[in-house]
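Let's take a friendly walk through a protein model. Have the sequence and the 3D view ready, and follow along.

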Amino acid sequence: MVMTTNWKPLLKGTLGLRAWNYIDKVDLELRVFEQNFLKGKTLNRWIDYGLGSSLFYFYLYKVTGKRNYEKLSESFYNQTLEAMGRLPVWDRLHSGFTGIAWLEEHISQKKSSAEESIDSYLVSKTRKGCLPKTPLGMYSVVDDWVGYGIYALERWPRGQSSKILENLVKLLSRKAKRNRQGVAWFTTKSSLYKSHLYRCGHYNLGIAHGVPGVIGFLSDVLKTKIHYELTLDLLQNSIKWLLAQDDGKHFGYTLPPNSPKMKLMGPRLAWCYGDLGIAVTLLNASRALKDGELEKRALTIAHRAVRFSDSASLITDPYPCHGSSGVFHIFNYIYQSTGDKTFLKSALKWSRKTLDMIEKPRKFSEPVYDLITGKPGIALALLAGISDVSPAWDRLLLVSPKF
(Lines give C-alpha, C1' and ligand atoms only; values in the text may rest on other atoms or scores of the structure.)
Protein backbone atom coordinates (compact mmCIF):
# COMPACT_ATOMS: atom_id res chain seq x y z
CA MET A 1 0.00 0.00 0.00
CA VAL A 2 1.37 3.40 -0.99
CA MET A 3 1.97 5.88 1.81
CA THR A 4 1.30 9.48 0.80
CA THR A 5 3.89 11.74 2.41
CA ASN A 6 2.57 15.19 1.46
CA TRP A 7 -0.87 16.52 2.30
CA LYS A 8 -2.79 17.52 -0.82
CA PRO A 9 -5.90 19.66 -1.33
CA LEU A 10 -8.99 17.71 -2.39
CA LEU A 11 -11.71 20.33 -2.73
CA LYS A 12 -11.30 22.26 -5.95
CA GLY A 13 -13.52 24.29 -8.24
CA THR A 14 -17.03 24.79 -6.92
CA LEU A 15 -16.44 22.61 -3.86
CA GLY A 16 -13.40 24.67 -2.93
CA LEU A 17 -15.30 27.94 -3.33
CA ARG A 18 -18.16 26.67 -1.18
CA ALA A 19 -15.68 25.61 1.50
CA TRP A 20 -13.97 29.02 1.48
CA ASN A 21 -17.35 30.74 1.73
CA TYR A 22 -18.11 28.83 4.92
CA ILE A 23 -14.65 29.48 6.36
CA ASP A 24 -15.12 33.21 5.72
CA LYS A 25 -18.52 33.05 7.41
CA VAL A 26 -17.04 31.42 10.53
CA ASP A 27 -14.29 34.04 10.54
CA LEU A 28 -16.88 36.84 10.61
CA GLU A 29 -18.93 35.15 13.35
CA LEU A 30 -15.89 34.58 15.55
CA ARG A 31 -14.84 38.22 15.27
CA VAL A 32 -18.26 39.22 16.64
CA PHE A 33 -17.98 36.59 19.35
CA GLU A 34 -14.57 37.93 20.36
CA GLN A 35 -15.94 41.46 20.67
CA ASN A 36 -18.82 40.20 22.82
CA PHE A 37 -16.31 38.55 25.10
CA LEU A 38 -14.34 41.77 25.43
CA LYS A 39 -17.59 43.45 26.47
CA GLY A 40 -18.18 40.75 29.11
CA LYS A 41 -21.16 39.15 27.36
CA THR A 42 -19.84 35.64 26.72
CA LEU A 43 -17.45 34.83 29.57
CA ASN A 44 -19.24 31.60 30.51
CA ARG A 45 -18.72 30.17 26.99
CA TRP A 46 -15.05 30.98 26.61
CA ILE A 47 -13.38 27.88 28.05
CA ASP A 48 -15.31 25.63 25.67
CA TYR A 49 -14.86 27.84 22.64
CA GLY A 50 -11.39 29.35 22.98
CA LEU A 51 -9.54 26.15 21.99
CA GLY A 52 -11.39 25.58 18.73
CA SER A 53 -11.42 29.26 17.77
CA SER A 54 -7.71 29.76 18.39
CA LEU A 55 -6.86 26.61 16.43
CA PHE A 56 -9.08 27.73 13.56
CA TYR A 57 -7.25 31.03 13.23
CA PHE A 58 -3.83 29.43 13.70
CA TYR A 59 -4.43 27.10 10.73
CA LEU A 60 -6.05 29.85 8.70
CA TYR A 61 -2.80 31.78 9.23
CA LYS A 62 -0.71 28.75 8.20
CA VAL A 63 -2.76 28.35 5.01
CA THR A 64 -2.96 32.02 3.99
CA GLY A 65 0.13 33.55 5.62
CA LYS A 66 -1.96 36.54 6.74
CA ARG A 67 -0.66 37.91 10.04
CA ASN A 68 -4.05 39.20 11.17
CA TYR A 69 -5.19 35.57 11.52
CA GLU A 70 -2.15 34.77 13.65
CA LYS A 71 -3.01 37.76 15.87
CA LEU A 72 -6.60 36.55 16.19
CA SER A 73 -5.35 33.09 17.21
CA GLU A 74 -3.18 34.69 19.89
CA SER A 75 -6.07 36.90 21.01
CA PHE A 76 -8.42 33.95 21.49
CA TYR A 77 -5.71 32.07 23.37
CA ASN A 78 -4.92 35.02 25.66
CA GLN A 79 -8.57 35.73 26.36
CA THR A 80 -9.11 32.07 27.19
CA LEU A 81 -6.33 32.32 29.77
CA GLU A 82 -8.07 35.37 31.19
CA ALA A 83 -11.39 33.53 31.39
CA MET A 84 -9.70 30.57 33.10
CA GLY A 85 -8.59 32.92 35.84
CA ARG A 86 -12.18 33.97 36.48
CA LEU A 87 -14.13 30.72 36.12
CA PRO A 88 -14.07 27.20 37.58
CA VAL A 89 -12.37 24.96 35.01
CA TRP A 90 -12.14 21.20 34.50
CA ASP A 91 -8.75 19.59 34.00
CA ARG A 92 -9.75 17.64 30.89
CA LEU A 93 -8.32 17.92 27.39
CA HIS A 94 -11.62 19.00 25.87
CA SER A 95 -13.35 21.82 27.76
CA GLY A 96 -10.57 22.07 30.34
CA PHE A 97 -7.21 23.60 31.09
CA THR A 98 -5.24 20.59 29.81
CA GLY A 99 -6.60 21.39 26.34
CA ILE A 100 -5.50 25.01 26.60
CA ALA A 101 -2.03 23.83 27.65
CA TRP A 102 -2.05 21.49 24.61
CA LEU A 103 -2.90 24.52 22.48
CA GLU A 104 -0.01 26.53 23.90
CA GLU A 105 2.39 23.68 23.14
CA HIS A 106 0.95 23.20 19.65
CA ILE A 107 1.05 26.79 18.47
CA SER A 108 4.15 28.17 20.16
CA GLN A 109 6.28 25.63 22.10
CA LYS A 110 7.59 28.49 24.24
CA LYS A 111 8.64 27.87 27.80
CA SER A 112 5.62 28.51 30.00
CA SER A 113 5.34 28.54 33.78
CA ALA A 114 1.65 27.61 33.39
CA GLU A 115 2.57 24.43 31.51
CA GLU A 116 5.19 23.58 34.13
CA SER A 117 2.47 23.84 36.80
CA ILE A 118 0.13 21.67 34.73
CA ASP A 119 2.90 19.12 34.26
CA SER A 120 3.37 18.90 38.02
CA TYR A 121 -0.39 18.60 38.56
CA LEU A 122 -0.70 15.78 36.00
CA VAL A 123 2.34 13.93 37.34
CA SER A 124 0.71 13.94 40.77
CA LYS A 125 -2.75 12.99 39.48
CA THR A 126 -1.49 10.16 37.26
CA ARG A 127 0.67 8.83 40.09
CA LYS A 128 -2.39 8.69 42.36
CA GLY A 129 -4.33 7.11 39.51
CA CYS A 130 -2.01 4.12 39.67
CA LEU A 131 -3.05 3.36 43.24
CA PRO A 132 -5.34 0.32 43.73
CA LYS A 133 -8.15 2.34 45.32
CA THR A 134 -8.26 4.97 42.58
CA PRO A 135 -11.08 4.11 40.14
CA LEU A 136 -10.41 4.08 36.42
CA GLY A 137 -13.43 6.30 35.76
CA MET A 138 -14.09 7.73 32.31
CA TYR A 139 -10.70 7.25 30.78
CA SER A 140 -10.51 8.05 27.08
CA VAL A 141 -9.98 11.00 24.72
CA VAL A 142 -12.65 13.44 25.88
CA ASP A 143 -12.50 12.28 29.48
CA ASP A 144 -9.47 11.88 31.76
CA TRP A 145 -6.42 9.62 31.38
CA VAL A 146 -6.01 9.39 27.60
CA GLY A 147 -6.82 13.09 27.33
CA TYR A 148 -3.96 13.89 29.69
CA GLY A 149 -1.77 11.59 27.62
CA ILE A 150 -2.54 13.45 24.40
CA TYR A 151 -1.31 16.63 26.08
CA ALA A 152 1.85 14.87 27.27
CA LEU A 153 2.49 13.48 23.77
CA GLU A 154 2.19 16.97 22.28
CA ARG A 155 4.68 18.25 24.86
CA TRP A 156 7.10 15.30 24.71
CA PRO A 157 9.98 15.32 25.48
CA ARG A 158 9.70 18.75 27.11
CA GLY A 159 8.91 19.38 30.75
CA GLN A 160 7.64 16.39 32.74
CA SER A 161 5.85 14.83 29.78
CA SER A 162 7.87 11.62 29.99
CA LYS A 163 6.88 11.12 33.62
CA ILE A 164 3.21 11.71 32.83
CA LEU A 165 3.40 9.12 30.04
CA GLU A 166 5.24 6.64 32.28
CA ASN A 167 2.53 6.97 34.93
CA LEU A 168 -0.26 6.57 32.39
CA VAL A 169 1.18 3.36 30.94
CA LYS A 170 1.46 1.93 34.46
CA LEU A 171 -2.07 3.09 35.28
CA LEU A 172 -3.57 1.55 32.16
CA SER A 173 -1.76 -1.70 32.87
CA ARG A 174 -2.98 -1.88 36.46
CA LYS A 175 -6.59 -0.95 35.64
CA ALA A 176 -6.93 -3.24 32.62
CA LYS A 177 -9.27 -6.23 32.48
CA ARG A 178 -7.55 -9.27 30.99
CA ASN A 179 -9.14 -12.37 29.53
CA ARG A 180 -8.65 -14.83 26.69
CA GLN A 181 -9.69 -12.21 24.15
CA GLY A 182 -7.00 -9.79 25.26
CA VAL A 183 -6.96 -6.53 27.25
CA ALA A 184 -9.69 -3.91 27.69
CA TRP A 185 -10.86 -1.24 30.11
CA PHE A 186 -14.24 -1.33 31.80
CA THR A 187 -16.46 1.69 32.33
CA THR A 188 -18.37 1.31 35.59
CA LYS A 189 -21.90 2.58 36.04
CA SER A 190 -20.81 4.89 38.85
CA SER A 191 -18.36 6.74 36.59
CA LEU A 192 -20.87 7.54 33.83
CA TYR A 193 -22.31 11.01 33.32
CA LYS A 194 -25.98 11.33 34.22
CA SER A 195 -26.62 12.35 30.61
CA HIS A 196 -24.78 9.35 29.15
CA LEU A 197 -26.88 7.26 26.80
CA TYR A 198 -25.74 3.92 28.25
CA ARG A 199 -26.31 3.99 31.99
CA CYS A 200 -25.10 0.47 32.73
CA GLY A 201 -21.46 -0.53 33.15
CA HIS A 202 -19.90 -1.58 29.87
CA TYR A 203 -16.87 -1.94 27.65
CA ASN A 204 -16.91 1.09 25.37
CA LEU A 205 -16.06 0.58 21.68
CA GLY A 206 -15.88 4.24 20.66
CA ILE A 207 -12.71 6.26 20.16
CA ALA A 208 -14.14 9.20 22.12
CA HIS A 209 -14.86 7.30 25.36
CA GLY A 210 -13.49 3.80 24.95
CA VAL A 211 -10.87 1.21 24.11
CA PRO A 212 -10.00 2.49 20.59
CA GLY A 213 -8.89 5.78 22.16
CA VAL A 214 -6.46 3.87 24.40
CA ILE A 215 -5.12 2.04 21.34
CA GLY A 216 -4.55 5.31 19.51
CA PHE A 217 -2.74 6.74 22.52
CA LEU A 218 -0.55 3.67 23.06
CA SER A 219 0.40 3.64 19.37
CA ASP A 220 2.09 7.02 19.81
CA VAL A 221 3.57 6.18 23.21
CA LEU A 222 5.24 3.13 21.65
CA LYS A 223 7.30 5.41 19.42
CA THR A 224 8.70 7.28 22.43
CA LYS A 225 10.11 3.96 23.80
CA ILE A 226 8.65 4.79 27.24
CA HIS A 227 7.99 1.49 29.09
CA TYR A 228 8.39 -0.09 25.66
CA GLU A 229 7.72 -3.73 26.52
CA LEU A 230 4.71 -2.92 28.71
CA THR A 231 3.31 -0.49 26.13
CA LEU A 232 3.79 -3.07 23.37
CA ASP A 233 1.98 -5.73 25.40
CA LEU A 234 -0.97 -3.44 26.18
CA LEU A 235 -1.19 -2.25 22.58
CA GLN A 236 -1.07 -5.68 20.96
CA ASN A 237 -3.51 -7.25 23.39
CA SER A 238 -6.00 -4.37 23.32
CA ILE A 239 -6.00 -4.59 19.51
CA LYS A 240 -6.59 -8.33 19.82
CA TRP A 241 -9.54 -7.67 22.17
CA LEU A 242 -11.03 -5.00 19.91
CA LEU A 243 -10.82 -7.14 16.79
CA ALA A 244 -12.56 -9.97 18.68
CA GLN A 245 -15.61 -7.69 18.94
CA ASP A 246 -15.91 -7.43 15.14
CA ASP A 247 -18.66 -9.68 13.83
CA GLY A 248 -17.69 -9.02 10.23
CA LYS A 249 -20.58 -6.59 9.74
CA HIS A 250 -19.86 -3.69 12.09
CA PHE A 251 -18.66 -2.65 15.50
CA GLY A 252 -21.28 -1.68 18.04
CA TYR A 253 -21.16 1.14 20.57
CA THR A 254 -20.63 -0.80 23.79
CA LEU A 255 -20.59 -4.31 25.26
CA PRO A 256 -22.26 -5.24 28.54
CA PRO A 257 -19.95 -7.12 30.91
CA ASN A 258 -21.73 -10.47 31.00
CA SER A 259 -22.77 -10.80 27.38
CA PRO A 260 -19.59 -10.24 25.36
CA LYS A 261 -21.30 -10.87 22.00
CA MET A 262 -24.30 -8.60 22.65
CA LYS A 263 -23.99 -5.09 21.24
CA LEU A 264 -25.99 -2.44 23.10
CA MET A 265 -26.29 -0.38 19.94
CA GLY A 266 -24.84 -0.10 16.45
CA PRO A 267 -23.79 0.55 13.79
CA ARG A 268 -23.04 4.15 12.91
CA LEU A 269 -20.58 6.18 10.85
CA ALA A 270 -18.66 8.76 12.86
CA TRP A 271 -15.43 9.72 14.57
CA CYS A 272 -16.79 9.07 18.06
CA TYR A 273 -18.29 5.59 17.50
CA GLY A 274 -18.32 2.97 14.78
CA ASP A 275 -16.18 1.42 12.09
CA LEU A 276 -14.61 4.59 10.71
CA GLY A 277 -13.06 5.83 13.94
CA ILE A 278 -11.87 2.31 14.73
CA ALA A 279 -10.40 1.92 11.23
CA VAL A 280 -8.22 5.03 11.49
CA THR A 281 -7.11 3.97 14.98
CA LEU A 282 -6.04 0.53 13.75
CA LEU A 283 -4.41 1.98 10.64
CA ASN A 284 -2.18 4.21 12.78
CA ALA A 285 -1.49 1.32 15.16
CA SER A 286 -0.43 -0.88 12.26
CA ARG A 287 2.10 1.75 11.21
CA ALA A 288 3.45 2.02 14.76
CA LEU A 289 3.78 -1.77 14.98
CA LYS A 290 4.94 -2.16 11.36
CA ASP A 291 2.27 -4.84 11.05
CA GLY A 292 1.15 -5.35 7.47
CA GLU A 293 -1.63 -7.79 8.37
CA LEU A 294 -3.14 -5.33 10.83
CA GLU A 295 -3.00 -2.61 8.17
CA LYS A 296 -4.96 -4.87 5.80
CA ARG A 297 -7.54 -5.49 8.54
CA ALA A 298 -7.81 -1.76 9.25
CA LEU A 299 -8.38 -0.99 5.59
CA THR A 300 -10.96 -3.76 5.32
CA ILE A 301 -12.89 -2.07 8.12
CA ALA A 302 -12.43 1.32 6.43
CA HIS A 303 -13.78 -0.09 3.14
CA ARG A 304 -16.74 -1.43 5.09
CA ALA A 305 -17.36 2.11 6.35
CA VAL A 306 -17.35 3.34 2.74
CA ARG A 307 -20.32 1.08 2.05
CA PHE A 308 -22.50 2.53 4.82
CA SER A 309 -25.81 3.74 3.44
CA ASP A 310 -26.86 7.28 4.25
CA SER A 311 -29.71 6.03 6.43
CA ALA A 312 -27.45 3.63 8.37
CA SER A 313 -24.86 6.33 9.04
CA LEU A 314 -27.18 8.08 11.57
CA ILE A 315 -25.64 11.42 10.58
CA THR A 316 -27.93 14.38 11.19
CA ASP A 317 -25.47 17.24 11.67
CA PRO A 318 -22.25 18.56 10.10
CA TYR A 319 -20.02 18.59 13.21
CA PRO A 320 -16.76 16.61 13.61
CA CYS A 321 -17.71 14.41 16.57
CA HIS A 322 -20.65 12.48 15.17
CA GLY A 323 -21.41 14.41 12.02
CA SER A 324 -20.48 14.65 8.36
CA SER A 325 -17.37 16.86 8.61
CA GLY A 326 -15.71 14.31 10.91
CA VAL A 327 -16.49 11.54 8.42
CA PHE A 328 -15.16 13.68 5.56
CA HIS A 329 -11.96 14.44 7.45
CA ILE A 330 -11.21 10.83 8.37
CA PHE A 331 -11.81 9.60 4.83
CA ASN A 332 -9.57 12.44 3.65
CA TYR A 333 -6.86 11.38 6.11
CA ILE A 334 -7.08 7.70 5.11
CA TYR A 335 -6.88 8.66 1.45
CA GLN A 336 -3.86 10.90 2.08
CA SER A 337 -2.24 8.05 4.07
CA THR A 338 -2.83 5.30 1.52
CA GLY A 339 -3.45 6.80 -1.90
CA ASP A 340 -6.50 4.54 -2.26
CA LYS A 341 -8.96 6.44 -4.47
CA THR A 342 -11.93 4.62 -2.95
CA PHE A 343 -11.42 6.82 0.10
CA LEU A 344 -10.99 9.90 -2.10
CA LYS A 345 -14.42 9.23 -3.58
CA SER A 346 -15.95 8.87 -0.11
CA ALA A 347 -14.20 11.99 1.17
CA LEU A 348 -15.64 14.01 -1.71
CA LYS A 349 -19.09 12.55 -1.12
CA TRP A 350 -19.06 13.55 2.55
CA SER A 351 -17.61 16.99 1.79
CA ARG A 352 -20.65 17.64 -0.41
CA LYS A 353 -23.01 16.43 2.29
CA THR A 354 -21.28 18.67 4.82
CA LEU A 355 -21.53 21.70 2.55
CA ASP A 356 -25.17 20.94 1.76
CA MET A 357 -25.98 20.80 5.48
CA ILE A 358 -24.18 23.99 6.48
CA GLU A 359 -25.64 25.93 3.56
CA LYS A 360 -29.18 24.90 4.44
CA PRO A 361 -30.83 27.27 6.94
CA ARG A 362 -30.92 25.61 10.37
CA LYS A 363 -32.45 26.84 13.60
CA PHE A 364 -30.26 26.56 16.68
CA SER A 365 -30.80 28.11 20.10
CA GLU A 366 -27.36 29.73 19.78
CA PRO A 367 -24.18 29.31 17.72
CA VAL A 368 -21.68 26.72 18.94
CA TYR A 369 -17.94 27.37 18.62
CA ASP A 370 -16.13 24.46 20.26
CA LEU A 371 -13.90 22.09 18.32
CA ILE A 372 -15.72 18.76 18.17
CA THR A 373 -19.37 19.91 18.14
CA GLY A 374 -19.04 23.43 16.78
CA LYS A 375 -18.38 25.59 13.74
CA PRO A 376 -14.57 25.91 14.11
CA GLY A 377 -14.29 22.12 13.85
CA ILE A 378 -16.28 22.07 10.61
CA ALA A 379 -14.18 24.94 9.25
CA LEU A 380 -10.92 23.19 10.17
CA ALA A 381 -12.00 20.01 8.36
CA LEU A 382 -12.91 22.03 5.27
CA LEU A 383 -9.66 24.00 5.50
CA ALA A 384 -7.76 20.70 5.47
CA GLY A 385 -9.74 19.82 2.35
CA ILE A 386 -8.68 22.90 0.38
CA SER A 387 -5.05 23.33 1.45
CA ASP A 388 -1.71 21.54 1.43
CA VAL A 389 -1.15 22.21 5.15
CA SER A 390 -1.16 18.99 7.17
CA PRO A 391 -3.98 19.21 9.76
CA ALA A 392 -2.00 18.38 12.88
CA TRP A 393 -4.82 19.85 14.99
CA ASP A 394 -6.57 16.48 14.60
CA ARG A 395 -4.07 14.97 17.04
CA LEU A 396 -6.60 16.22 19.60
CA LEU A 397 -8.90 13.53 18.15
CA LEU A 398 -6.19 10.88 17.68
CA VAL A 399 -6.69 10.95 13.92
CA SER A 400 -3.14 11.92 12.92
CA PRO A 401 -0.31 10.34 14.93
CA LYS A 402 2.11 12.66 16.70
CA PHE A 403 5.24 10.86 15.45
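Two strands pair if DSSP finds at least two bridges between them. Helices (H or I, at least four residues) and strands (E, at least two) are DSSP runs, numbered from the N terminus. With that in hand, look at strand S4 (residues 202-204), which is joined to S5 by 2 bridges, the two running antiparallel. Here Asn204 stands opposite Thr254 in S5. These strands belong to an open sheet of 3 strands in the order S3-S4-S5, with antiparallel pairing. Its edge strands, S3 (186-187) and S5 (254-255), each pair on one side only.

A word on the source: this is a predicted model, where local features need pLDDT of at least 70, side-chain atom pairs count only at pLDDT 80 or more, and totals for chains, interfaces and linings use all residues. Residues are numbered from 1 along each chain as its sequence is written, and side-chain values use heavy atoms, with hydrogens and water left out.

Next, find Thr126 in helix H5 (residues 113-129). Leaving out residues up to four places away in sequence, Thr126 touches (heavy atoms within 4.5 Å) Trp145, Tyr148, Ile164, Asn167, Leu168 and Leu171.

How accessible are some residues? Buried means under 20% relative accessible area, exposed over 50%, and partly exposed in between (1.4 Å probe, protein chains only).

| Residue | Relative accessible area | Class |
|---|---|---|
| Thr126 | 0% | buried |
| Cys130 | 8% | buried |
| Cys272 | 5% | buried |
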